[in-house]
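Welcome! Try each task yourself before you read the solution.

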Amino acid sequence: MVERVAIIGIGVIGGSIALAWKERLPALHVIGYDKPQILEDARQRGIIDHQASSLSDAVSHADVVFIAVPLDLTKHVMESIAPHLPLHTIVTDVGSVKQPVIENANRLLPESTCFIGGHPMTGSELSGLEGADAFLFENSLYILCPEESVDPKQYSMVEDLIEATGARVVSINAATHDKIVASVSHLPQLVATTLVNVASDQHLSDALTLQLAAGGFRDMTRIASSSFDMWASVLEQNSSEVEIALTSMIDHLDFIRHQLTQQGGIQTLRPIFERASAVREEIPRDFKGFLRPLCDVFVYAKDQPGVLAHITGTLFSQDISIKDIELLKIREGTGGAFRISLEDEQSADAAVNALNSHGCRAHRIH
């Protein structure tokens, strides 16, 4: 039975894990280690029970240790906590690359320590403790990469802790994990970054470019806001798999570019579109962590109290789930426009009908 857990790094991930435990495992004693001011804020918010004064203080009485620091700091944390870990302590991490982390753990941590590599497949555009959310992991995938030597009972202890956050645990080996995330996480980051920079180049000659880059472009490139400092170590530590994924991407784009210049070549692209559409529908819809194109509805509203509640209440009454909402513009005393994103076209059409029948002006851009 796990009674005391130490979290090294109380940021978005570490803070969200602790918040989820406070709601679902209130008896669990959570020890936090980070900068003093962050720890004080976390304690005052009830996110942690104990502010560790040092790494040794954090782990010396812990049953399980979660290393929730940036990937490039994980090795340093392992080196620092190794002499202070009690016998049979379980250690896990949250990094998005697994093979190098597991290799470091096997080399640096005591033989009695059980290390299980972990990777939560979710995140936030926010950073730091202010981005912590008790529901961040709800219905998301959380990867665990146990080695064959891991005791099944210790694995179950970690699995139970993670499932208590609302996440769904998937167990795979580290090599498979790194290959997969290169294609579905690391490559999309590079693609989103490149798409925004291509639009930026176009914006230099056409000032309307960024004004027109709304809707699908914004949703598709959301992750381009991510910090390079975070991604630098990820790309470095998974460079071989990312290179393979990039090469495949370039080959696909080269084929498309070649077909654009051939007589009748456009029609040869049909199977590519049809295959992508079919495969896209196979991605589970009930998991977080995957980018899906959302359907936007635009609602014009008067500048008066309660208008947003009226809009959201109308959709709620029709069992229509809002995926995103944004106030595009507003003029004091007149009104503004909300962009509401829905899961699919059927939901968007239903939203337009519901809102228009309840006194709002709503439409879609097809």
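The exercises below go from the whole chain to its sheet, its helices and its salt bridges.

**Before you start**

This is a predicted model, in which local features need pLDDT of at least 70 and side-chain atom pairs count only at pLDDT 80 or more, while totals for chains, interfaces and linings use all residues. Residues are numbered from 1 along each chain as its sequence is written, and side-chain values use heavy atoms, leaving out hydrogens and water.

**Exercise 1. The whole chain**

Task: Find how many helices and strands the chain has, and what share of its residues is buried.

Solution: 
- Step 1. Begin with the elements: the chain has 14 helices and 12 strands. Both are DSSP runs numbered from the N terminus, helices being H or I with at least four residues and strands E with at least two.
- Step 2. Next, look at the extent: a box of roughly 65 × 60 × 40 Å along the principal axes holds the C-alpha atoms.
- Step 3. Now turn to burial: 41% of the 366 residues count as buried. Buried means under 20% relative accessible area, exposed means over 50%, and partly exposed lies in between (1.4 Å probe, protein chains only).
- Step 4. The accessible surface is about 20,200 Å², and carbon and sulfur atoms make up 55% of that. Such areas come from the Shrake-Rupley method with a 1.4 Å probe, and for residues only the protein chains shown count as cover.
- Step 5. Finally, consider contacts, meaning heavy atoms within 4.5 Å. Among those with a separation of 6 or more, 71% join residues 24 or more positions apart.

**Exercise 2. The open sheet**

Task: Work out the strand order of the sheet of eight strands, then say which way the residues of β5 point.

Solution: 
- Step 1. The order across this open sheet is β3-β2-β1-β4-β5-β6-β7-β8, with mixed pairing. Two strands pair if DSSP finds at least two bridges between them.
- Step 2. At the edges are β3 (50-51) and β8 (168-171), each of which pairs on one side only.
- Step 3. Zoom in on β4 (residues 64-67) and β5 (residues 90-93): four bridges join them in the parallel sense.

**Exercise 3. Salt bridges**

Task: Explain why the pair E138 and R24 ties together parts that are apart in sequence, then examine two further pairs.

Solution: 
- Step 1. A salt bridge is a side-chain nitrogen of Lys or Arg within 4 Å of a carboxyl oxygen of Asp or Glu. The whole structure has 10 of them.
- Step 2. E138 and R24 meet in one, at 2.3 Å from N to O. E138 is in the loop between β6 and β7, whereas R24 is in helix α1 (residues 12-24), so the pair links parts 114 residues apart in sequence.
- Step 3. Check accessibility: E138 is partly exposed at 29%, and R24 is partly exposed at 37%.
- Step 4. A second pair is E241 and K179, with the closest N and O atoms 3.4 Å apart. E241 belongs to helix α11 (residues 239-260) and K179 to helix α7, so this pair ties together parts 62 residues apart in sequence. E241 is buried at 14%, while K179 is partly exposed at 46%.
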